[in-house]
Every structure is written in structure tokens, then in C-alpha cells.
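This briefing is meant for someone opening the structure for the first time. It takes up a few topics in turn, and each can be followed in the display below.

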Amino acid sequence: MRPLLAGTLQQRRRSIIWWSVGVSAFILLTLIFYPTIHSQSDQLNKSLGHLSQTTKQLFTDTGDLFSPLGYLSSQLFYLMLPLLLSVLAISLGTSLIGREERDSTIELLLSRPVSRTRYLLAKAAAGTLIVAAVGLISTIVTIIICKAVDLEVPAPDILAAGAAVILLSLSLGALAFFVAALGRAGRSASIGIASVYGLGGYIIYSLSQSIDWLKGPAKLFPFSYYHASELLTGSYNWLNALFFVALALFFTLLAWLVFRRRDLLGS
Amino acid sequence: MVTKDAAITIEKLSKRYGAGQKFAVKDLSLQVMPGEVYGFLGPNGAGKSTTIRLMMNFIFPSGGRASILGKDAVKDSVEVKRQVGYLAGEIALYQKMTGRQLLDYLSQLHPGSRRYISELAERFQADLDARIRDLSKGNRQKIGLIQAFMHKPKVLILDEPTSGLDPLMQEEFFGLLKETTKTGGSVFFSSHNLAEVQRICDRIGFIREGELIAEQTIADIAQAAARTFDITFIDKAPAADLRAISGASVSVKNGRQATVGLRGDLSPLFKVLAKHKVASITQRELNLEDEFMHLYKGDGQ
């Protein structure tokens, strides 16, 4: 499995670098203006005071947009970082097997003594490592910039939030991986299905804070188990993260079940 | 009859891509013996590549089975591939890699297959340091052939292997095939190039619409083939007597020259010739292509 894993990481090295640079630049641009915004927080809070709870819930789960915790959550950890990392995970889930199959290079690899199980596990491991690496780099960059701009949120809590973002993204990436593993129809649908599940979950969870009957359905989506403010204050119940892990393992298992017994697409 | 020590055994192999769809391959049975080069011929869409993809377990059979060196192509797929060298018809390589990087990568997936690379690269005069996307079709094909041969496989499954190779490199390739079969290796070879099939194959299977319609050795084909004779008579050609021969096609030129095509037993022709004065008789070289077209068009069953 190791050569396949190393080969995949090698082929993706440029994209790993560019994703890391891009997400880090976004984090820098987001956090660098915190001192200016913080100094005007009273006025800004007043002017945003008229927003409804439902609207505020779409941006933050702290209720406060300009305190160190509120700013970090609303600008980064509540939506944008999970969104960016999920886009990476979903695109990897779609392309790790899908692109090789489209290009027929998969036949070159499977004409060697390599089982489909080994092949699929290597691709799943490569996707996990890439998302984890970009997520970890982003988290470390966040910690460094927070220190530099006196945004006082403890580093271990930022690290915990980063870990949860990685797990959340992996669960959506695994869904895309499974749908893409179905073959031709799945490959074109995988980005759409995983994005709708991820973004839909975010909207339904946010609305469920104000609309009671959505609380039940919201539990079917991973975003319900991701609580940025709790993560950033060290009060997160990590049992919630089991949902991400279970979902990722479940979809990977489904991907294996369909991929091991289906025809590869022809060239 | 199925022989146990065959290198490749295909028994009633069928493939249908969906319920209600036509069979791409239907009830195909054949064997390739150790040391044999088996040519697999057929028009486009006949089922050649489907058969090869079934043997490589890239697709699953709807019925029947294929086994290579006694191992099932589906259940023992990984074991089978330790002993098989494969070249796809339209070979897909990683465009951004160099030939050397690609072959290194593939040899890591098949430990012990690295040491033969340099020798093959030298024989094929392959440039292993250029990026694959910058190589011509012929040079990419060389990389494809090196990856198929580099682990010295006991069975080679090759789909249009000489496509894009110049004549010199084709010679090198034929030499390599001979070396493989000399040591007991077997080759399953799909091709459109009848001249090369005639030259290197021991036996040929013709496939049409997914079914094996004929399987013959080159010697059998030569024996059963229509032979064409150009005959010059001293006097007028006996056109009526020649046309009276069952199955003969006859054309007469200049009154004295006759061209006679005849399949199977030639004695009726010679009986006619014995009664007349013949100035010269020449037999045209066997045209495998005509034989192929004869089967291809469906009048060979």
C-alpha cells in the first residue's frame, strides 16, 4: 500500500502546497484586521444589534461577533474554514479514484499485483493525509497570527477546533469518495451530493437554533455535531466527533463494497 | 477439449454490460499453450478488448471463466498479475512523469521487477528521462512495452502492441517475443496487422460479434486457403474445362492466360492441366488478409 500512497501524495504535492498557501493567505487576510475591528467593537455591535437571532446564527454560534472568541469563530471556524477544507476533501474524494479511472491510468496500476482493496485504501489514506496536512498547516498559521494580532484564544483550543474541522471535512470527503466509487454516474454526481449534504446541513443546523421542528432533521447532518464556540472554549464534548469518524468509515466501507465488484470504465 | 497445462484457459466466457443489452463476448472458449503465440483477430467492436479486460479482471464476466497459469482471473487476480505482462491498446501513462519515474513507480508495486528495465530501455532505445507528455506515440509505446516485459512475465497479454513502433523497433519486439516463448512463456496478442500476425503467431482466433468464429494454426489456414494460380497455356486456355471444376474461380486473358482460384483439393485442376500443354504455372503467395476478410464478412463458417 505504501508505494501507492507515496505515489498519490507525490502526484498531488503541488496541489497540497497551493491549497496550504491559499488557505493560509485567507486566514492572514481575515485575522490581520482584528486589532482595528476590535477597537470599534462597541459601535459595530450596536449597528448589528438589530439583526435577528436566526440571521446571526448563520454567521456565528457565539452571539458575539467582535470579542476574540466571537471574531475567530464567526470569521473562521464557524463557516469559512470548514467550508474551504470541505471543498478540498470533496474534490479529493471525487478525483482520487475518478480521475485515474477517467484517464485509464488505473489499469496500469491494477495490472500489477495490487488488489482493488489495497488500491482503494491507499487512495482513502492519501486523501485523509492531504486534508489533515492542509488542516494542520491552516491551524498552525491561525495560532501564529492570533498571537501576532493579540487575538486571545488559547492555542490548544484552536488546535482542537482545527482537528474537528479536519474530521468534519473528511466525513464529507468520504461521501464524495463513495459516490465517485460507484462509477460513471457517481463521478459526475459526487461533488453535488456531498456539497448539498454539507452545505444543507449547515443551513438546517443554523435554522434549527430558531426553528424547533428542524432540530430533529438537523441531527442527520455532520454540521450539527460541530460546535465552533465550544471547541474554542475547550468545552466541546468529543463524543460528537465520533459522528464524523463513523460517517467517514461508513462511506469508505460502502466505497469498498461497490468498487471491489464493479467494472472499471473503459478507455 | 480443455487441456490442463494450458497457460491461458477461457471457458464459455461471456460479458453483457447490462440486462437486455447485446453480449459483447458470448460463450468464448479458447486455450493458449506454453510457448505459444496466439493471435486474436477481429474487426473493431468484435470483443477483443473486452476479452482482454475480462482476463485482466478490469471487468467482471457475466458467465464463464478465464484462468491464467491455472489461477482464476477473478478470484486469484493478484496472483495472476504477478505472472502477467499487460499492454493496453490505448496505453494511458502518467503524463507528468518521466519514463524512469513511471517505471520506478510500477516496479515498487511489483517488487523484483526493476533490474530488467535498463536492458529493455537499451534494446528499445527508449528515452526514460523525458516527460511522457513530450514523447511521440511510438516512444510512449516503447515505455508501455518496457513496463509489460520488465518483470519477465510468463504470460503476455498485449493489445495492438506494435502500434506506433517503427520497423526496427518492431523487429526488436518480435525478437523479445521469441525469447519469451523460447523459455516457455505464452503470448496472447490482439492485432489488426495481419502481416505481423502471419509472421509471429502460431495460432489465430477470429472473433466476430463477441463469438469465436474460427481458430486455426497458420499452417491450417495456409492449407485451407484459396490458392491462386497464374497459368499460361501454349495453345488456347481450356476455359470451359477450368470453369467446370467445382468451386473454381476462373478468368482468362489474351486467350492463353488463365487465373484460377481454388480452395481445398487441387487434383481436379491438375487433371485438367494434364490434358493440355502448359507453358508456365505460378502460385501466388498466400494472402492471409483475404482469408481474414473471408471470415470477417461471415462466409467462412
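## An enclosed helix and its surroundings

In this predicted model, helix α6 of chain A, residues 68–77, has 9 of its 10 residues buried, so the helix is largely enclosed by the rest of the structure.

**Helix α6 of chain A**

- The residues of α6(A) that count as buried are Leu69(A), Gly70(A), Tyr71(A), Leu72(A), Ser73(A), Ser74(A), Gln75(A), Leu76(A) and Phe77(A).
- The cover over these buried residues includes α2 (13–31), α3 (34–39), α7 (80–103), α9 (116–148), α10 (155–181) and α13 (228–232) of chain A.

**Where the two chains meet**

- The contact between the chains involves 19 residues of chain A and 18 residues of chain B.
- On the side of chain A that touches chain B, α1 (2–11) and α8 (105–110) of chain A each contribute at least two residues, and the largest share, 5 residues, is supplied by α8(A).

**A hairpin in chain B**

- Strands β9 (residues 203–208) and β10 (residues 211–217) of chain B run antiparallel and are joined by 6 bridges, with Phe206(B) having Ala214(B) in β10(B) as its bridge partner.
- The two strands form a hairpin with 2 residues between them, and in the turn Glu209(B) has a positive phi of about 50°.

**Two further residues with positive phi**

- Asp27(B), which lies in strand β2 (residues 23–32) of chain B, is not a glycine and yet has a positive phi of about 50°; it counts as partly exposed because it has 14 C-beta neighbours inside 10 Å.
- Leu69(B), placed in the loop between β4 (63–68) and β5 (71–72) of chain B, is likewise a residue other than glycine with a positive phi, near 50°, and its 19 C-beta neighbours inside 10 Å make it partly exposed, since a residue is buried if 20 or more lie within that distance.

**Thr181 of chain B**

- Thr181(B) belongs to helix α6 of chain B, residues 167–182, and, with 18 C-beta neighbours inside 10 Å, it counts as partly exposed.
- Leaving aside residues up to four places away in sequence, Thr181(B) touches Gly35(B), Glu36(B), Val37(B) and Val187(B).
- Thr232(B) is 51 residues from Thr181(B) along the chain, and their C-alpha atoms are separated by 44 Å.

How values were computed:
Residues are numbered from 1 along each chain as its sequence is written. Chains are lettered from A and ligands numbered from 1 in the order in which they are written. This is a predicted model: local features need pLDDT of at least 70, side-chain atom pairs count only at pLDDT 80 or more; totals for chains, interfaces and linings use all residues. Two residues are in contact if their C-beta atoms, placed from the backbone, lie within 7 Å. Helices (H or I, at least four residues) and strands (E, at least two) are DSSP runs, numbered from the N terminus. Two strands pair if DSSP finds at least two bridges between them. A residue is buried if 20 or more other C-beta atoms lie within 10 Å of its own, exposed if 12 or fewer, and partly exposed in between; C-beta atoms are placed from the backbone.
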